[in-house]
Amino acid sequence: MNKLSRLLTGGLSTPPSPPPTPMRSPSPMRSPVRSPRSPRHYRHVRSKVSRFTTGQRLLWLFLSILLRRQGIFLFAPLVYISCMLLYMGTVAFDIVPIISHRSAPGSVYRSPELYAKLRPDIENDDSSTDAISTIWKIPYEGGEWKPCIKRSSQALPESNGYIYVEANGGLNQQRTSICNAVAVAGYLNATLLIPNFRYHSIWKDPSKFKDIFDQDYFINTLKNDVWVVEDVPEYLMERFGDDMANVYNFRIKAWSSIAYYKDVVLPKLLEEKVIRISPFANRLSFDAPPAVQRLRCLANYEALRFASPILTLGESLVARMRKHSAINGGKYVSVHLRFEEDMVAFSCCTFDGGEHEKEEMIAARERGWRGKFTRPGRVIRPGVIRINGKCPLTPLEVGLMLRGMGFAKNTSIYLASGKIHNAKKTMVPLLEMFPNLHTKETLASKEELAPFKNYSSRMAAIDYTVCLHSEVFVTTQGGNFPHFLFGHRRYLYGGHAKTIKPDKRKLALLFDGPSIGWKTLKEELLSMRSHSDEKGIELKKPNESIYSFPCPDCMCRLNRTNDSRSSAK
């Protein structure tokens, strides 16, 4: 008789079989013997189960088996893999499905095709007033600004020692180092040695400070705020064997706070009397106390003036550009075009040169940055770079953009650039759209340029001067050159940069649209131009450079209207 039969027939009269010996003693609070259940209980269970449908009963049975046989879960993956292997054995791998792939919008350089399509419309467009005379017409409700850098009128106290810095990089990176060095030296009450320009294999310019900047003017402008000298006294240098390489050198972390200089550098300066900081570019945080910012302003906007030969030629080129722009009241547009071979190579973007261009750029990258772009794990995605607006604009794209923004064909353009990549091909469309285009090489004679020809920083200083005095400045790529011009133009023009800074992500989408018409493209570009006007006056935010945003540290508000913008409050 089974267990259930015994229970249903009054199993209480027959003593139950003893339970098996447990592995450990049962709890004293719990009986080892289960209490027998009454027939009424089992009738209740059967009546409850009978209410289930057939499907529910099968599901209940399946779950019961799984719960009682948990080991089946160990074999399920093996069964699945076996089935997959059997299935794959029946597939013929020589048949590969064809998947059509469409490039993401904005990822491909199609500007030449767009220009070919729109060229007739561009040439026949005379529907709008020339932008050169109307571009900066949006009033700034927060009021204009004027320079207001305070200069000290008191004599300087005794110096705590001498600071020697090495400025690395190109012209404007060196400019950053100089201004930051002035700020640090003034804050620590130290004497600054005229910064040394470190020779770099990329810029290949051995120029010294006085070759680029007016050294006497620099020293004289700062005379009541910071001690600046050319050399360390001999009696101090004798301790170091008359060799600056023996002087203690600080390796300072980038963007260090001015507090670090006070707490760490100053004690060593007081001990040694001469210290060296190399390299020094970007070694001071953008955010600093007003006393430090004042010295930065004074150095950048007042004390740094180009050396007389550079300034003389630069101002001559400005006068010649204004003469060429007589039809527009002497107003001209300057464009900083970064389409040199090194920039094209560094960007890792692809254009329309095919395999030949690809191999050429790979070789250029290896020459300039050996191993940087070929190290393990480095993945280059030209399409993603273009979508993100990181590709340099080509001369053709600059022309399309400016014509779309309303600049007429007779607008005078000054092109600030190095040697344009594949210029015989790439410059043709820009010259078709703007034949009145000039560079320092076309404005100046060979004899005038001869003293500067083999010095990249001096040539950049000439470009800087002509761009500074243009009615409109157009930047096409990031870098120190446009960033310093943003600030310098704001300092000269009532706080307004008078600069077009295009949205290159949006341009990538617009120039990759094969179906876009000239009218639609022009509407988009006019909106972009208007946005640059609205952003002309901006106040410096935390972690932004005072060399790009001189308001309010270097400038004061001249007037204010009743309806002020929130950004000006």
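Which cysteine forms a disulfide with cysteine 148, and how far apart are their sulfur atoms? The partner is cysteine 556, and the two sulfur atoms are 1.9 Å apart. The legends below begin with the whole chain and then turn to close-up views.

The model is predicted: local features need pLDDT of at least 70, side-chain atom pairs count only at pLDDT 80 or more, and totals for chains, interfaces and linings use all residues. Residues are numbered from 1 along each chain as its sequence is written, and side-chain values use heavy atoms, with hydrogens and water left out.

**View 1. The whole chain.** The chain has 24 helices and 13 strands. Helices (H or I, at least four residues) and strands (E, at least two) are DSSP runs, numbered from the N terminus. Of the 569 residues, 44% are buried. Buried means under 20% relative accessible area, exposed over 50%, and partly exposed in between (1.4 Å probe, protein chains only). The accessible surface of the chain is about 32000 Å², and carbon and sulfur atoms hold 56% of that surface. Such areas come from the Shrake-Rupley method with a 1.4 Å probe; for residues, only the protein chains shown count as cover. Among contacts with a separation of 6 or more, 80% are between residues 24 or more positions apart. A contact means heavy atoms within 4.5 Å.

**View 2. An open sheet of 5 strands.** The strand order is E10-E9-E8-E11-E12, and the pairing is parallel. Strand E10 (437-438) and strand E12 (499-500) are at the edges with a single partner strand each, so one side of each has no neighbour in the sheet. Two strands pair if DSSP finds at least two bridges between them. Strand E11 (residues 472-475) is joined to E12 by 2 bridges. In one of the links to E12, phenylalanine 473 has threonine 499 as its bridge partner.

**View 3. Helix H23 and its buried side.** Helix H23 covers residues 504-511, and its buried residues are Lys504, Leu507, Ala508, Leu510 and Phe511. These residues are on the same side of H23, because they cover an arc of only 165 degrees around the axis. The arc is that of the directions from the helix axis to the C-beta atoms. The cover over the buried residues of H23 includes helix H5 (111-123), helix H15 (382-387), helix H16 (395-404) and helix H24 (518-534). At the start of H23, the backbone nitrogen of arginine 505 has a side-chain oxygen of aspartate 503 within 3.2 Å.

View 4. A disulfide is a covalent bond between the sulfur atoms of two cysteines. Here the term is applied to a pair of cysteine sulfur atoms within 2.5 Å, and this rule gives 3 disulfides. Cysteine 148 is partly exposed, at 23% relative accessibility. Cysteine 556 is also partly exposed, and its relative accessible area is 31%.

**View 5. The disulfide of cysteine 297 and cysteine 554.** The sulfur atoms of cysteine 297 and cysteine 554 are 1.9 Å apart. Distant parts of the chain are linked by this pair: cysteine 297 is in helix H11 (residues 290-303) and cysteine 554 is in the loop between H24 and E13, 257 residues apart. The link is left-handed, with -65 degrees about the S-S bond. Cysteine 297 is buried at 1% relative accessibility, and cysteine 554 is buried at 0%.

**View 6. The disulfide of cysteine 349 and cysteine 391.** In this pair the sulfur atoms are 2.0 Å apart. Cysteine 349 is in the loop between helix H13 (341-347) and helix H14 (354-368), while cysteine 391 is in the loop between H15 and H16, 42 residues apart. With -100 degrees about the S-S bond, the link is left-handed. Cysteine 349 is buried, with a relative accessible area of 5%; cysteine 391 is buried at 5% relative accessibility. Counting bonded cysteines along the chain, the disulfides follow the pattern 1-6, 2-5, 3-4.

**View 7. Cysteine 551, which is in no disulfide.** The nearest cysteine sulfur to that of cysteine 551 belongs to cysteine 554 and is 8.2 Å away. Cysteine 551 is buried, at 0% relative accessibility.

Terms used: A polar contact is a pair of N or O atoms within 3.5 Å; within protein, one must be able to donate a hydrogen and the other to accept it, and residues adjacent in sequence count only if both atoms are side-chain atoms.
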